[in-house]
Amino acid sequence: MKQHLKYTLIPALIMLAGCHENNEFNGNISELVHTNVRDVEYSYTDETLGRSITTPVYNNATQMVHNDSIFLFLNPNGEYRFTAYNINSKQTKSFVPAGYGEEEGLYYLDLNIHNTTATAMDFGCGRLVEIDLTQCFNDEYKPIFYDLTNNEKQPLGAVKCGEKVISTGIYTQGRYCLSDSRIGKENYWVNYPSCVGANLSDTLKSILYASNYMTLNPEGNRIVCANIQYGCLDICTIEGN
């Protein structure tokens, strides 16, 4: 089973400059309906459901993903880090209380979804949490946690696609680590970029290019990782099984 990551490096400053020159946006922009600073509603048109959807945004949520009628919000400073909302039943359910414990979480920045499963990386505890949006309202449901600190790894960001977990962190073997539970093996991919500190060791580069920001496209075949300190954006295409 062979895995390839195609690597593209784009300086973020160049991208920002391009965005500044072009004021047109061709995508569909969702509207924010303001009601109260602690009770904001997010409104958009869902082509699948064929109607306009308005959902509450909980506890100053920073990110949102959804599958069908189930929405999941990331509340990085909330008592519970995640809140699910069913737009049909108006039911809510919270997950992952704040803390260091086995089923708790600390520091989440990104929220990703692949098929019906949402994932987020806790770079404070080195764990990836997985929430199945088709099962999360079942009475006995609990999120699944994956410890990514095995083999003395120091992960900072991660995404999950099927059984594959791709993470980045303070790694000297490569920019990204790909682990697959089906084969029980880890592989490191992509050399560190040389746009800053070309003569530095990989140990120092892994610290310089450390990033908590990773996202996965809906098809599960491409990841993007951003380093906000040096303005570098990695775009990696995943090929193979």
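Biologist: How much accessible surface does the protein chain have, and what part of it belongs to carbon and sulfur atoms?
Modeller: About 13,400 Å² for the protein chain, with 48% of that belonging to carbon and sulfur atoms. Keep in mind that this is a predicted model.

Biologist: And how many of the residues count as buried?
Modeller: The protein chain has 241 residues, and 41% of them count as buried.

Biologist: What does the secondary structure come to?
Modeller: There are 2 helices and 19 strands in the protein chain. As for contacts between residues at least 6 apart in sequence, 40% join residues at least 24 apart.

Biologist: On to charges. How many salt bridges are there?
Modeller: The count is 3. One of them pairs K160 with E130, where the closest N and O atoms are 3.0 Å apart. K160 sits in strand 13 (residues 155–161) and E130 in strand 11 (residues 127–132), so this pair ties together parts that are 30 residues apart in sequence.

Biologist: Are K160 and E130 buried or exposed?
Modeller: Both K160 and E130 are buried.

Biologist: What does K153 pair with?
Modeller: K153 forms a salt bridge with E186, and the closest N and O atoms are 2.9 Å apart. This pair also links distant parts of the chain: K153 is in the loop between strand 12 (144–147) and strand 13, E186 is in strand 16 (residues 185–189), and they are 33 residues apart.

Biologist: Which residue does D234 meet in a salt bridge?
Modeller: R175, with 3.0 Å from N to O. D234 belongs to strand 19 (residues 232–239), while R175 is in the loop between strand 14 (164–169) and strand 15 (176–180), so the pair ties together parts 59 residues apart in sequence. D234 is buried at a relative accessible area of 1%, and R175 is buried at 2%.

Biologist: What about D110, does it sit in a strand or a loop?
Modeller: D110 is in the loop between strand 8 (92–97) and strand 9 (112–114). D110 is buried but has no salt bridge.

Biologist: Why no salt bridge for D110?
Modeller: A salt bridge needs the side-chain nitrogen within 4 Å of a carboxyl oxygen.

Biologist: Then what does the side chain of D110 reach?
Modeller: It makes a polar contact with the side chain of Q63, at 3.3 Å. The D110 side chain also reaches the backbone nitrogen of M214, at 2.7 Å. Leaving out residues up to four places away in sequence, the residues D110 touches include L74, T119, N212 and Y213.

Biologist: Changing topic. Which residues form the nonpolar patch on the surface?
Modeller: L200, L204 and I207, with about 240 Å² of accessible area together. L204 is in helix 2 (residues 202–208). The relative accessible area of L204 is 43%, so it is partly exposed.

Biologist: Is V96 buried or exposed, and what about N115?
Modeller: V96 is buried, with a relative accessible area of 4%. N115 counts as exposed, at 59% relative accessibility.

Biologist: Last one: where is N217, and what does its side chain contact?
Modeller: N217 is in the loop between strand 17 (213–216) and strand 18 (222–227). The N217 side chain makes a polar contact with the side chain of N221, at 2.7 Å.

Biologist: Does N217 count as buried or exposed?
Modeller: Buried, at 19% relative accessibility; the cut-off is under 20%. The C-alpha atoms of N217 and C161 are separated by 9.8 Å, with the two residues 56 apart along the chain.

Note on methods: Residues are numbered from 1 along each chain as its sequence is written. This is a predicted model: local features need pLDDT of at least 70, side-chain atom pairs count only at pLDDT 80 or more; totals for chains, interfaces and linings use all residues. Side-chain values use heavy atoms; hydrogens and water are left out. Patches are made of residues with over 30% relative accessible area and no salt bridge: like charges are joined within 9 Å, nonpolar side chains (Val, Leu, Ile, Met, Phe, Trp, Tyr) within 5 Å. Accessible areas come from the Shrake-Rupley method with a 1.4 Å probe; for residues, only the protein chains shown count as cover. Helices (H or I, at least four residues) and strands (E, at least two) are DSSP runs, numbered from the N terminus. Buried means under 20% relative accessible area, exposed over 50%, partly exposed in between (1.4 Å probe, protein chains only). Lys and Arg count as positive and Asp and Glu as negative; His and the chain ends are not counted. A polar contact is a pair of N or O atoms within 3.5 Å; within protein, one must be able to donate a hydrogen and the other to accept it, and residues adjacent in sequence count only if both atoms are side-chain atoms. Contact means heavy atoms within 4.5 Å.
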